Amino acid sequence: ARLKRLRAAGQHHVRQKGKVKGKVALVIIDCQYGFWNERLAIDFPKFQARTARLLQQGRALGLPILHLREEFKSDGSDNLAPYIVQGKQFMIECTHDVAVLPCAAEIPGECVLRKTAWDGFVGTQGALLKALHGAGASVCLFAGLATSICVLQTATAAVNHGFLGVMVEDACADHIYAHEAVLKRYAGFGGLERTTVDAIVSSLPNWQDQADLLSARALE
């Protein structure tokens with residue numbers, strides 16, 4: 001019954017005729033074993049359950065869903081400069097690091113993009129921007145690991161590319177002080193919005209209005 005209500009809510013916001021309709025997209029970032037550790041599991045015990053519920057809601061609402069996964073070649077040819085200098089073998093293809101957490105596994109039809117930088121737009125060589133434009137998205141919800149690095153850099157880059165960025169704060173995780181500092185600083189001064197998994201359905205009408213406005217302006 002709950003899923004039926006979610007689907008109805010999603011359908012309600014895509015049926016209006018005669019209007020430019022923007023879309024709200026969901027971007028799940030780096031939910032991989034290399035970024036998940038015992039400390040995060042202690043500080044964010046509900047992260048995986050909330051991420052799973054976030055995806056369930058997004059699918060029921062019919063949102064375009066994109067997954068970003070950090071992964072570097074084993075020969076180091078596309079590794080980040082700090083990792084090269086430190087001699088760090090991290091998030092290498094075909095290792096356990098790059099395996100996805102079960103809570104964030106994609107389903108057929110969802111876009112999965114490999115990235116090689118903290119900023120998901122740079123790290124996918126433009127593929128993320130192309131996918132979001134292809135989906136007609138104007139508002140992007142961001143969740144994943146880690147709040148202060150890849151989630152933040154991708155969300156702020158989205159604003160630079162003309163999207164409205166919203167951080168789903170209880171489906172993000174990081175060192176607790178970094179997590180809280182990011183939400184307070186960047187979501188507090190108007191550059192990014194913040195929400196929770198439980199607030200998504202009630203917030204959707206407002207985001208949809210914002211997406212419509214941004215899409216219409218882009219065509220002017």
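Is Thr195 buried or exposed in this structure? Thr195 is buried, with a relative accessible area of 6%; buried means under 20% relative accessible area, exposed over 50%, and partly exposed in between, for a 1.4 Å probe and protein chains only. The model is a predicted one, in which local features need pLDDT of at least 70 and side-chain atom pairs count only at pLDDT 80 or more, whereas totals for chains, interfaces and linings use all residues. Residues are numbered from 1 along each chain as its sequence is written, and side-chain values use heavy atoms, with hydrogens and water left out.

The protein chain has 9 helices and 6 strands. Helices (H or I, at least four residues) and strands (E, at least two) are DSSP runs, numbered from the N terminus. Of the 220 residues of the chain, 46% count as buried. Among the contacts with a separation of 6 or more, 78% are between residues 24 or more positions apart, where contact means heavy atoms within 4.5 Å.

Strand 4 (residues 137-145) is mostly covered, since 9 of its 9 residues are buried. Strand 1 (residues 23-29) runs parallel to strand 4 and is joined to it by 7 bridges; two strands pair if DSSP finds at least two bridges between them. Within this pairing, Ile29 has Gly144 of strand 4 as its bridge partner. Strand 4 also pairs with strand 5 (residues 164-173), in the parallel sense and over 6 bridges. Here the bridge partner of Leu141 is Val166 in strand 5. From strand 4 the chain crosses through helix 7 (residues 147-160) to strand 5, in a right-handed β-α-β crossover. A crossover is right-handed if, with the strands pointing away from the viewer, the path from the first strand over the helix to the second runs clockwise.

Thr195 itself belongs to strand 6 (residues 193-195). Not counting residues up to four places away in sequence, Thr195 touches Val166, Met167, Val168, Glu169, Asp170, Ile200, Ser203 and Trp207. Another buried residue, Asp212, has a relative accessibility of 11% and is found in helix 9 (residues 200-218). Asp212 and Gly22 are 190 residues apart in sequence, but their C-alpha atoms are 4.5 Å apart in space.

The loop between strand 4 and helix 7 contains Ala146. A cis peptide bond, with omega about -15 degrees, joins Leu145 and Ala146.

Met91 lies in the loop between helix 4 (81-86) and strand 3. Met91 is buried, at 0% relative accessibility, and has a positive phi of about 55 degrees although it is not a glycine. Ile92 is in the loop between helix 4 and strand 3 and counts as buried at 9% relative accessibility. Leaving out residues up to four places away in sequence, Ile92 touches Phe72, Lys73, Ser74, Asn79 and Val98.

Thr116 is located in the loop between strand 3 (111-115) and helix 5 (120-123), and is buried with a relative accessible area of 11%. Apart from neighbours within four places in sequence, Thr116 is in contact with Glu71, Phe72, Asp78, Leu80, Gly123 and Gln125. The side chains of Thr116 and Gln125 are joined by a polar contact of 3.3 Å. A polar contact is a pair of N or O atoms within 3.5 Å; within protein, one must be able to donate a hydrogen and the other to accept it, and residues adjacent in sequence count only if both atoms are side-chain atoms. Gln125 is exposed, with a relative accessible area of 61%. Gln125 sits in the loop between helix 5 and helix 6 (127-135), and its phi is near 55 degrees, a positive value in a residue other than glycine.
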